[in-house]
Amino acid sequence: MDIQHLYKIYLQYPNVETDTRKIEKDSLFFALKGPNFNGNDFAQKALDAGAAYAIVDEPQHNDNEHFILVENVLDALHALAKVHRETFTIPFIGITGSNGKTTTKELVHAVLSQQYTTYYTQGNLNNHIGVPLTILRVQPDAEIAIIEMGANHQKEIAGYCQYAEPNWGIISNVGKAHLEGFGGVEGVKKGKGELYDYIREHGGSIFAFDDYAYLHEMSHDIPNIHWYGTQNGEVTGQAIANDPFLEITITKGFDQPFSIQTQLVGAYNLPNILCAAAVGKAFHVPVEKIQQALAAYTPTNSRSQLIQSGSNKIILDAYNANPSSMSAAIQNFAGLQADKKVLMLGGMMELGETSKEKHSNVLNLIKKSHWDNVVLVGGDFGHIDTSPYLYFENAEKAREWFRQQHFQNTEILIKGSNSMHMSRILD
């Protein structure tokens, strides 16, 4: 079936799913394949659950008039997203980065949705399946769309741009994440820079953090840049308190300076907040609405969440971890005022042959500050000398230790890669 015909069917049944457990009546089921599953095998189950059509790519599964046979289901999903994207002339903001891209996306959405009908990436649907699904969920009433783009190898973001077609771009930062797939820090810079490459080629605009010299270098020849920073830019601001919530002052960009008491933990969130303020300014969101949105935003999904448990304060930042974000979290936590501090860190993934070295660097950073307890969990922490600190091979064993401690008046940081399941310590 050609893509235009498929798009006409999509317009009749615009709810697209790839998981039979989420099928709703009159949805379209795309039978994707993965290393351990074949969606074609579940096509009939999707129809039984109420799907209007199932898009398949194996002829033996095409024995029902409600099956639509295509050459490749994933390619069809991408092509359908591209056709849908091209029906819009609104701003599509692409967001990527090594750290903070999801928080930036959430803050930008919080600000823009005060003034516009805004669609954005839900949760962490920022990969080769999530990006097209996000695009296909943008409805005709949309005034702005925000598309988060995650990547762990080069050419990935370039691929997303072919069907997301962003005309605005944000790179939150470039750090030491997914080094194995990108082939080192320079590879990360090149991979994330694919968003700028697309913007540059198509005459779009970007928002960029002035303090990062590498963003100046990466953004050369992009004519329309909205800078924000701590010293220079259209919008500037400073952190004025961080104990534990971050309070900032916007010093430039609006009629007069103003302060915001946020619900975010960590001074490393300052660039994310300034970005959202700069986006709000560029899109003419009233300053009062910008203030309100940034003050009200509360993080979820184990991202810099502050949890009050009795007399204890727990910072749960266990969705992602790489050397850059781990270092920022540890340094931020070291600067907080507290009677007692406990550090519980999970291993970092996808670091390739540098993994042991990066875990050793984390250990050296820990040793520069005083902690009442340090617990290291899994990953390559298990392949280096972690003395004098405690080591457990998984979060379940760390949880057993945690339950036996009966902490009082203690601040606890729990951080690690998602695959380490550090949030289970609090189960």
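This is a predicted model: local features need pLDDT of at least 70, side-chain atom pairs count only at pLDDT 80 or more; totals for chains, interfaces and linings use all residues.
Where in the chain is the place of Asn409? Asn409 sits in the loop that runs between helix H15 (395–403) and strand S21 (410–415). The phi angle of Asn409 is near 50°, a positive value in a residue other than glycine. With 47% relative accessibility, Asn409 falls into the partly exposed class, because that class covers what lies between 20% and 50%.

Asp221 is another residue of this kind. Its phi is near 70°, again a positive value in a residue other than glycine. Asp221 belongs to the loop between helix H10 (213–218) and strand S12 (224–229). Here the relative accessibility is 63%, so Asp221 counts as exposed, the cut-off being over 50%.

Two loops also hold cis peptide bonds. One of these bonds joins Asp243 and Pro244, with omega at about -5°. Pro244 lies in the loop between strand S13 (235–242) and strand S14 (245–252). The other bond, from Ser387 to Pro388, is cis with omega near 10°. Pro388 is placed in the loop that links strand S19 (373–377) with strand S20 (390–392).

Strands of a sheet pair through backbone hydrogen bonds, either parallel or antiparallel. Strand S5 (residues 53–56) is joined to S6 by three bridges, and the two run parallel. Within this pair, Ala54 stands opposite Phe67 of S6.

At the start of H3, a side-chain oxygen of Asn72 comes to within 3.0 Å of the backbone nitrogen of Leu74. The buried residues of H3 are Val73, Ala76, Leu77, His78, Leu80, Ala81, Val83, His84 and Arg85. As a rule, an α-helix has 3.6 residues a turn, so residues three or four places apart point the same way.

Helix H4 (residues 101–112) has twelve residues and reaches 16 Å from its first C-alpha to its last, close to the 16 Å expected at 1.5 Å a residue. H4 is mostly covered, with twelve of its twelve residues buried. Those buried residues include Lys101, Lys105, Glu106 and His109, along with Leu107, Val108, Ala110, Val111 and Leu112.

Back in the loops, Asn40 is found between strand S4 (37–38) and helix H2 (43–48). Asn40 has 1% relative accessibility and so counts as buried, since the limit is under 20%. Its side chain is joined to that of Asp57 by a polar contact of 2.9 Å. Leaving aside residues up to four places away in sequence, Asn40 touches Ala31, Lys33, Val56, Asp57, Glu58 and His61.

Strand S10 (residues 168–171) is covered on both faces: Trp168 and Ile170 are buried on one side, Gly169 and Ile171 on the other. In a regular strand the side chains alternate between the two faces of the sheet. S10 pairs with strand S7 (residues 92–96) in the parallel sense over four bridges, and Thr96 stands opposite Ile171 of S10. S10 is also joined to strand S11 (residues 205–209) by three bridges, again running parallel. In that pairing Trp168 faces Ser205 of S11.

Finally, there is a pair of helices, H8 (residues 185–192) and H9 (residues 194–202). Their axes come within 4 Å and cross at roughly 35°. Lys190, Gly191 and Lys192 of H8 make the contact with Glu194, Leu195 and Tyr196 of H9. By class, this contact of H8 with H9 has two nonpolar, one polar and three charged residues.

Technical notes:
Residues are numbered from 1 along each chain as its sequence is written. Side-chain values use heavy atoms; hydrogens and water are left out. The expected span of a helix is 1.5 Å times one less than its number of residues. Buried means under 20% relative accessible area, exposed over 50%, partly exposed in between (1.4 Å probe, protein chains only). Two strands pair if DSSP finds at least two bridges between them. A polar contact is a pair of N or O atoms within 3.5 Å; within protein, one must be able to donate a hydrogen and the other to accept it, and residues adjacent in sequence count only if both atoms are side-chain atoms. Contact means heavy atoms within 4.5 Å. Axes are lines fitted to C-alpha atoms, for helices over the stretch in contact, and angles run from 0 to 180 degrees between N-to-C directions. Ala, Val, Leu, Ile, Met, Phe, Trp, Tyr, Cys and Pro count as nonpolar, Asp, Glu, Lys and Arg as charged, and the others, Gly among them, as polar.
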